[in-house]
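Trainee: I would like to learn how to read aromatic pairs in a model. Can we work through one together?

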Amino acid sequence: MKHPSLGGMVGALKARMSREALHQRFTASAAQFLKRCLHTILHQKFQGAGIRTMLLRPFGRVLLVDSSSWDVSPKLQKVWPGAGGNASPANCKIQVAYDYKQGELIFLEPTAGTVPDNRYTDRLPALLNPQDLVLMDQGYFKLRTLNAIMARDAYFLTRFMVGTTVEVAQTGAPLDLDRLLGPGARPDLGDPWCAWARGPQQTNSLPPRVLARESPDSPTTRRRVKAHAQQQGRTAQTLDI
């Protein structure tokens, strides 16, 4: 139904029921039942045969962690608050972890659109087993969480967060990434294990392996245009030719 209503739902049911009787059945138990149905359907839909490859053999599971969000009716603002302003006042987000190696949906959790991925990331370490590999984007970047992942003997792969201080683990000397990775540079970092320490509020440090490679011109140009537009308070528009 494009515009669902009690009358429309009653009309779609085979059983004879009044709108008032249907409204009384919208309870917390009914919501949990529908949520469980959604989990069951998605588990069946995404269940695969698994992947057998030498590349992934060292890892027990390879978890792809991401979120997806969409606008809902403004009448649901109190249940699923959105950002408001030019955006919708009501928005729903779903956090998902999918085991790419086994072909299984590990968890699915609905949240309000105003809940950032960075806040949800604290819950990830408790879901991990030793030798798991977590793949996530910058939205989940938090040093405390990355440390907790390593404490569980698990691994992570994420994009570098701009503004993160990178130091040589053995000496503590800071690395000048602009100089090492600038145009025409051929960096030789030696031992690739480095320590991160990000900002006064995130004093945690950890020794991940930092990898760098040259980006193609097109994505790099889009990022530069977007960054420049944000500095000017405008929306970036690029055209690929």
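Mentor: We start with the ground rules, then take the fold and the ring pairs in turn. This is a predicted model, where local features need pLDDT of at least 70, side-chain atom pairs count only at pLDDT 80 or more, and totals for chains, interfaces and linings use all residues. Residues are numbered from 1 along each chain as its sequence is written, and side-chain values use heavy atoms, leaving out hydrogens and water.

Trainee: What does the secondary structure of the protein come to?

Mentor: Helices (H or I, at least four residues) and strands (E, at least two) are DSSP runs, numbered from the N terminus. The protein has 7 helices and 7 strands. Along the sequence the pattern is α-α-α-β-β-β-α-β-α-β-β-α-β-α.

Trainee: How is a pair of aromatic rings described?

Mentor: By the distance of the centres and the angle of the planes. Rings of Phe, Tyr and Trp (its six-membered ring) pair if their centres lie within 6.5 Å; planes under 30 degrees apart are stacked, over 60 edge-to-face, the rest tilted. This structure holds 2 aromatic pairs. In one of them, phenylalanine 59 and tyrosine 155 have ring centres 5.8 Å apart and planes at 75°, so the pair is edge-to-face.

Trainee: Which parts does the pair tie together?

Mentor: Phenylalanine 59 lies in the loop between α3 (28–46) and β1 (62–71), and tyrosine 155 lies in strand β5 (residues 155–157), so the pair ties together parts 96 residues apart in sequence.

Trainee: Is phenylalanine 59 buried or exposed?

Mentor: Buried means under 20% relative accessible area, exposed over 50%, partly exposed in between (1.4 Å probe, protein chains only). Phenylalanine 59, at 18%, counts as buried. Tyrosine 155, at 40%, counts as partly exposed.
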